[in-house]
Amino acid sequence: MDIHSETTTFASTRAPTVFVRSLFSGTIAGLAVTATAAAFGRRANRSGAAPINATSHVIWGDHAAGAQDGVSARFTGLGFAINHASAIFWALIFERVIGRNASPSRILASAAAVAATAYVVDYHVVPKRLTPGWELRLPRRSLTGIYAALALSLAVAGLLNPIVAAAAM
């Protein structure tokens with residue numbers, strides 16, 4: 001009997017860690033939020049990249065990021081990366097709150113609470129330079145839809161996480 005094969009078998013049958021679940025949930029949330037912001041950007045500015053670019057104001061400043069409509073690595077790539085990292089951060093909090101075997105009602109309530117907290121932190125706690133920047137290119141009412149997408153995508157990911165974990169075993 002090989003010790004290495006037993007270790008590998010044991011490791012492959014364990015449930016995913018909170019960090020692994022957060023990567024899954026955060027990726028779903030990041031893609032959903034980006035798609036939602038892009039849809040609002042197409043409607044408001046005829047540019048799906050504009051609100052994604054605006055997030056790069058964290059590095060490049062409001063004027064530089066707020067004026068960019070086209071897709072570029074400098075603005076769109078950086079904006080996407082910042083949004084994605086933020087989604088994983090909020091997913092980590094979400095996954096810590098729900099734990100491994102949460103009920104659907106707990107998952108839904110937790111997703112809504114985390115998204116609401118994200119909005120409050122993003123627009124009322126952190127300095128303006130660290131906001132997502134969407135307000136630079138979108139009407140304020142669009143923020144409701146973006147944070148609703150965050151809540152919905154976290155909830156969907158939270159409901160899917162046990163299914164994905166079971167399929168991976």
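Helix 8 gives the largest share of the lining of the largest cavity, namely 3 residues, where helices (H or I, at least four residues) are DSSP runs numbered from the N terminus. A word on the basis: this is a predicted model, in which local features need pLDDT of at least 70 and side-chain atom pairs count only at pLDDT 80 or more, while totals for chains, interfaces and linings use all residues. Residues are numbered from 1 along each chain as its sequence is written, and side-chain values use heavy atoms, with hydrogens and water left out.

By a cavity I mean a set of points, on a 1 Å grid over the protein atoms alone, where a 1.4 Å probe fits but cannot get out, and its lining residues have an atom within 4 Å of a point. Searching the whole structure gives 1 cavity of 30 Å³ or more, and the largest cavity holds about 40 Å³ of space, a volume being the space filled by probe spheres set on the points, which are joined across faces, edges and corners.

Among the residues that line the largest cavity are Arg21, Glu95, Ile98, Arg100 and Asn161. The elements that give two or more residues to this lining are helix 6 (73-98) and helix 8 (141-168).

Let me stay with helix 6, whose axis comes within 10 Å of the axis of helix 7 (residues 104-125) and crosses that axis at roughly 145°; axes are lines fitted to C-alpha atoms over the stretch in contact, with angles from 0 to 180 degrees between N-to-C directions. In their contact (heavy atoms within 4.5 Å), helix 6 uses residues including Trp90 and Ile98, and helix 7 uses residues including Ile107 and Asp122.

Conventions. 1 Å grid on protein atoms, 1.4 Å probe; cavity = no way out; pocket = protein on both sides within 12 Å on 5 of 7 lines; lining within 4 Å.
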